[in-house]
Amino acid sequence: QPAATQPTQPTPAEVDLADWWKLFGDPTLASLVDRAVAANLDLRIAATRIRQARSTRDVAVSGLGPVLDASGSYRRGQNAGARGVKPPVTNSFSTGFDAGWEIDIFGGVRRGVEAAEADLQSTIEDRRDLMVTLTAEVAYDYVAIRTYQQRIAIAKRNLEAQKKSSGITYKRQKAGLVSKLDTVNADALVATTAAAIPQLEAAEMQ
């Protein structure tokens, strides 16, 4: 059997690569990827093309094998008998089975198989490219959202800490331990952090 006709099986590395996002152990990300794959029209079209290419390859491969032909017939009859004697009814069956093999002298059939196999591999790689692009986009957006959520949480914690620090600075300023400039700087820091939070939340929504 020619190498081109052997079924292509993904290697363990390719299987791992196909599910790379599962390495994060995040069920939400896995769910988002599964939903994106199920709803993506381009991937559906690519899967249809793979099935078509596989059928074409199988048809081409069949040209390398023998052509089988089976036939059969049935006959029911009654021979002439002696006068006054009813002859018996006879049933006869015949079957035939032929196999022919067309030698691929010039390699045309084999070249057709190789071309069909190459087309199949190409359609598989096209779908794999689509999968990589789609899953990478979903993962990128998901990581971006999680990053913004973390930054927002950190900014809110910082804001609370800065407000407490500003209150302490005001008390120290009233006690004459620090200058007015220290309270102004503390207020500016609080205002800067407070202004950053709505921007981060808007980016998360985007």
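Which residues does Glu-204 touch, not counting residues up to four places away in sequence? The view of Glu-204 below gives the reply.

This is a predicted model, in which local features need pLDDT of at least 70, side-chain atom pairs count only at pLDDT 80 or more, and totals for chains, interfaces and linings use all residues. Residues are numbered from 1 along each chain as its sequence is written, and side-chain values use heavy atoms, with hydrogens and water left out.

**View 1. Glu-204 in helix 5.**
Glu-204 sits in helix 5 (residues 180–205). Helices (H or I, at least four residues) and strands (E, at least two) are DSSP runs, numbered from the N terminus. Glu-204 touches Ile-145, Tyr-148, Gln-149 and Ile-152, leaving aside residues up to four places away in sequence. Contact here means heavy atoms within 4.5 Å. The Glu-204 side chain also makes a polar contact with the side chain of Gln-149, at 3.3 Å. A polar contact is a pair of N or O atoms within 3.5 Å; within protein, one must be able to donate a hydrogen and the other to accept it, and residues adjacent in sequence count only if both atoms are side-chain atoms. Glu-204 counts as partly exposed because its relative accessibility is 22%. Buried means under 20% relative accessible area, exposed over 50%, and partly exposed in between (1.4 Å probe, protein chains only). Thr-147 is 57 residues from Glu-204 in sequence, yet their C-alpha atoms are 8.7 Å apart.

**View 2. Helix 5 along its length.**
The 26 residues of helix 5 should span 38 Å at 1.5 Å a residue, and the end C-alpha atoms are 39 Å apart, which agrees. The expected span is 1.5 Å times one less than the number of residues. Thr-183, Ala-186, Val-190, Thr-193, Ile-197 and Leu-200 are buried in this helix. An α-helix has 3.6 residues a turn, so residues three or four places apart point the same way.

Ala-155 belongs to helix 4. Ala-155 is buried because its relative accessible area is 8%. Beyond residues up to four places away in sequence, Ala-155 touches Thr-193, Ile-197 and Leu-200. Ala-155 and Ile-197 are 42 residues apart in sequence, with C-alpha atoms 6.5 Å apart.

**View 3. The largest nonpolar core.**
This core has 11 residues, including Trp-21, Leu-29, Val-33, Met-131 and Tyr-142. A nonpolar core is a set of buried Ala, Val, Leu, Ile, Met, Phe, Trp, Tyr and Cys residues joined through side-chain atoms within 4.5 Å. Helix 2 (27–39) and helix 4 are the elements that give two or more residues to this core. Helix 4 supplies the largest share, five residues. Leu-29 touches Trp-21, Phe-24, Ala-139 and Tyr-142, not counting residues up to four places away in sequence. Another core, of six residues, lies apart from this one; among them are Ile-152, Ala-155, Leu-159 and Leu-200.

**View 4. Thr-135 in helix 4.**
Thr-135 is found in helix 4 (residues 108–174). Thr-135 is buried, as its relative accessible area is 2%. A polar atom of the Thr-135 side chain lies 2.7 Å from the backbone oxygen of Met-131. Setting aside residues up to four places away in sequence, Thr-135 touches Trp-20, Trp-21 and Val-33.

**View 5. The whole chain.**
The chain has five helices and two strands. From the N terminus on, the order is α-α-α-β-β-α-α. Of its 206 residues, 20% count as buried.
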